[in-house]
Amino acid sequence: MRIAFCCTDTKAEPWLAGLRAALPAATVEVWQPGAPQADHAVVWAPPQQFMDEQPALRGIFNIGAGVDALMKLRLPANAAVVRLDDAGMSVQMAEYVCH
């Protein structure tokens, strides 16, 4: 399994280390233009070029709860979109709004 990591303004190394530890048989790499085709992607605000170059993705895992920007892109036809659903996120969002 090949996993492409494409997250704008996000430190990749903690994510890569966690994914590699959880999925030792997978190849997990930061996406660069022209990279090999991946099976799945972990993304945050990816460019359209990423989606265009990865037409065979089966799963796109968004690292944030909001997928509005992601859904505005032309996504691979057969890819399932999965958004983060963290139990503590609603509290953090409420605190942010209150401040």
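Biologist: When do two strands count as paired, and how many bridges join strand β3 to strand β4?

Modeller: Two strands pair if DSSP finds at least two bridges between them. In this predicted model, strand β3 covers residues 40-44 and strand β4 covers residues 59-62, and they run parallel. The number of bridges that join β3 to β4 is four.

Biologist: Which residue in β5 stands opposite N62?

Modeller: Strand β5 covers residues 80-83 and runs parallel to β4, with four bridges between them. The residue in β5 that N62 faces is R83.

Biologist: The rings of F5 and W15 form a pair; is it stacked, edge-to-face or tilted?

Modeller: The structure holds two aromatic pairs. In the pair of F5 and W15 the ring centres are 6.4 Å apart and the planes stand at 35 degrees. Planes under 30 degrees apart would count as stacked and planes over 60 as edge-to-face, so at 35 degrees this pair is tilted.

Biologist: How many residues apart in sequence are the parts that F5 and W15 tie together?

Modeller: F5 lies in strand β1, whereas W15 lies in helix α1, residues 12-22. The pair therefore ties together parts whose separation in sequence is 10 residues.

Biologist: What kind of aromatic pair do W31 and F50 form?

Modeller: W31 lies in the loop between β2 and β3 and F50 in helix α2, so the pair ties together parts 19 residues apart in sequence. Both W31 and F50 are buried. The ring centres are 5.3 Å apart and the planes are at 85 degrees, which makes the pair edge-to-face.

Biologist: What is the volume of the largest cavity, and which strand gives the most to its lining?

Modeller: One cavity of 30 Å³ or more is counted, and the largest cavity has a volume of about 60 Å³. Its lining includes R2, I3, A4 and W31, and by class it has six nonpolar, one polar and two charged residues. Both β1 (2-7) and β2 (27-30) supply at least two residues each. The strand that gives the most, with three residues, is β1.

Biologist: What is the phi of D9, and is D9 buried or exposed?

Modeller: Most residues other than glycine have a negative phi. D9 is not a glycine, yet has a positive phi of about 55 degrees. D9 sits in the loop between β1 and α1. Its relative accessibility is 81%, so D9 counts as exposed.

Biologist: Where does A45 lie, and what is its phi?

Modeller: A45 is in the loop between β3 and α2. With 41% relative accessibility, A45 counts as partly exposed. A45 is a residue other than glycine with a positive phi, near 50 degrees.

Technical notes
Residues are numbered from 1 along each chain as its sequence is written. This is a predicted model: local features need pLDDT of at least 70, side-chain atom pairs count only at pLDDT 80 or more; totals for chains, interfaces and linings use all residues. Side-chain values use heavy atoms; hydrogens and water are left out. On a 1 Å grid over the protein atoms alone, a cavity is a set of points where a 1.4 Å probe fits but cannot get out, and a pocket is an open set with protein on both sides within 12 Å along at least five of seven lines; lining residues have an atom within 4 Å of a point. Grid points are joined across faces, edges and corners, and a volume is the space filled by probe spheres set on the points. Ala, Val, Leu, Ile, Met, Phe, Trp, Tyr, Cys and Pro count as nonpolar, Asp, Glu, Lys and Arg as charged, and the others, Gly among them, as polar. Rings of Phe, Tyr and Trp (its six-membered ring) pair if their centres lie within 6.5 Å; planes under 30 degrees apart count as stacked, over 60 as edge-to-face and the rest as tilted. Buried means under 20% relative accessible area, exposed over 50%, partly exposed in between (1.4 Å probe, protein chains only).
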